Amino acid sequence: MKRLVAFVFLCGLITSSFAIGVGKFKVNPEIGGSVGLSTRTDTMFAGGYARVWLGGDGLTIAPMFKYNYIFGPENTDGFSNIQAGGLIGYRILRFTPYIGASYSRFQDRIGLNDTTALNYGVYFDIPLLPLSVGFDASWQKPKIVGTDSRVSQHQFAITLGLIF
């Protein structure tokens, strides 16, 4: 038990030493994975993300990159979605609710044009461990290639990240 407590304490010290800070301003890189549901096809997806949180207590901003692979329904081929953009959040204790926008690019063969996505969610950084857990979502309405029709797509995910 003593070793476990010492290990957890050491992880906390290492994590806090990785964050770059000047006064109350900190730079916290975060990288993680996500699993969720896409409403366009009612299928599961898995992905990864990277964010760099800039700020301290209170207002924070983060450039972000997200990759999702949406599995096709009933064993059909899936497709990938890449998003890059920015987030703004407000840190309250260890919770950070956020909202943002990103450029969204779909795999060419899926037949959806690139578009803008609205991103939102909340994450919680676990005390003494360099981990975060959260809920992440995005909404986008890309045009179908060759038409003026749009299709709404919502993605909801549970995230697990490593904070440096």
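Strands (E, at least two residues) and helices (H or I, at least four) are DSSP runs, numbered from the N terminus. Before you click, know that this is a predicted model, where local features need pLDDT of at least 70 and side-chain atom pairs count only at pLDDT 80 or more, while totals for chains, interfaces and linings use all residues. Residues are numbered from 1 along each chain as its sequence is written, and side-chain values use heavy atoms, with hydrogens and water left out.

**Stop 1: Thr-43**

Start by selecting Thr-43, which sits in strand E3 (residues 43-55). Is Thr-43 buried or exposed? Its relative accessible area is 8%, so Thr-43 is buried. (Buried means under 20% relative accessible area, exposed means over 50%, and partly exposed is in between, using a 1.4 Å probe and protein chains only.)

Now show what surrounds Thr-43. Apart from neighbours within four places in sequence, Thr-43 is in contact with Gly-36, Leu-37, Ser-38, Ile-70, Phe-71, Gly-72 and Pro-73. Contact here means heavy atoms within 4.5 Å. Zoom in on Phe-71: its backbone oxygen lies 2.8 Å from a polar atom of the Thr-43 side chain.

**Stop 2: Leu-59**

Next, pick Leu-59 in strand E4 (residues 58-70). With a relative accessibility of 54%, Leu-59 counts as exposed. Which residues does Leu-59 touch, if you skip those up to four places away in sequence? They are Leu-54, Ile-88, Gly-89 and Tyr-90. Try the distance tool on Tyr-90: the C-alpha atoms of Leu-59 and Tyr-90 are separated by 4.5 Å, with the two residues 31 apart along the chain.

**Stop 3: the salt bridges**

Side chains of opposite charge can pair when their charged atoms come close. A salt bridge is counted when a side-chain nitrogen of Lys or Arg is within 4 Å of a carboxyl oxygen of Asp or Glu. How many salt bridges does a search of the whole structure find? The count is 5, and we'll visit some of them.

Select Glu-30 and Arg-51, whose side chains form a salt bridge at 3.2 Å, N to O. This pair links distant parts of the chain, with Glu-30 in strand E2 (residues 25-38) and Arg-51 in strand E3, 21 residues apart. Both Glu-30 and Arg-51 are buried.

Move on to Asp-136 and Lys-66, where the side chains meet in a salt bridge of 2.8 Å, N to O. Asp-136 is in strand E8 (residues 131-140) and Lys-66 is in strand E4, so this pair ties together parts that are 70 residues apart in sequence. Asp-136 is buried at 8% relative accessibility, and Lys-66 is buried at 6%.

Another salt bridge joins the side chains of Asp-125 and Arg-94 at 2.3 Å, N to O. Here Asp-125 is in strand E7 (residues 115-125), and Arg-94 is in the loop between strand E5 (79-91) and strand E6 (95-106), 31 residues apart. Asp-125 counts as buried at 7% relative accessibility, whereas Arg-94 counts as partly exposed at 33%.

Now highlight Glu-30, Arg-51, Lys-66 and Asp-136 together: salt bridges that share partners join these residues into one network.

**Stop 4: the cavities**

On a 1 Å grid over the protein atoms alone, a cavity is a set of points where a 1.4 Å probe fits but cannot get out, and lining residues have an atom within 4 Å of a point. Grid points are joined across faces, edges and corners, and a volume is the space filled by probe spheres set on the points. The whole structure has 2 cavities of 30 Å³ or more.

The largest cavity holds about 60 Å³ of space. Residues to select in its lining include Ser-34, Phe-45, Asn-68, Ala-137 and Gln-155. E3, E4, E8 and strand E9 (153-163) each give two or more residues to this lining, and E9 has the largest share, with 4 residues.

The second largest cavity has a volume of about 50 Å³. To see its lining, select Tyr-49, Arg-51, Met-64, Phe-65, Lys-66, Leu-87 and Asp-136. Which element gives the most to this lining? Strand E4 does, with 3 residues.

Terms used
A polar contact is a pair of N or O atoms within 3.5 Å; within protein, one must be able to donate a hydrogen and the other to accept it, and residues adjacent in sequence count only if both atoms are side-chain atoms. On a 1 Å grid over the protein atoms alone, a cavity is a set of points where a 1.4 Å probe fits but cannot get out, and a pocket is an open set with protein on both sides within 12 Å along at least five of seven lines; lining residues have an atom within 4 Å of a point.
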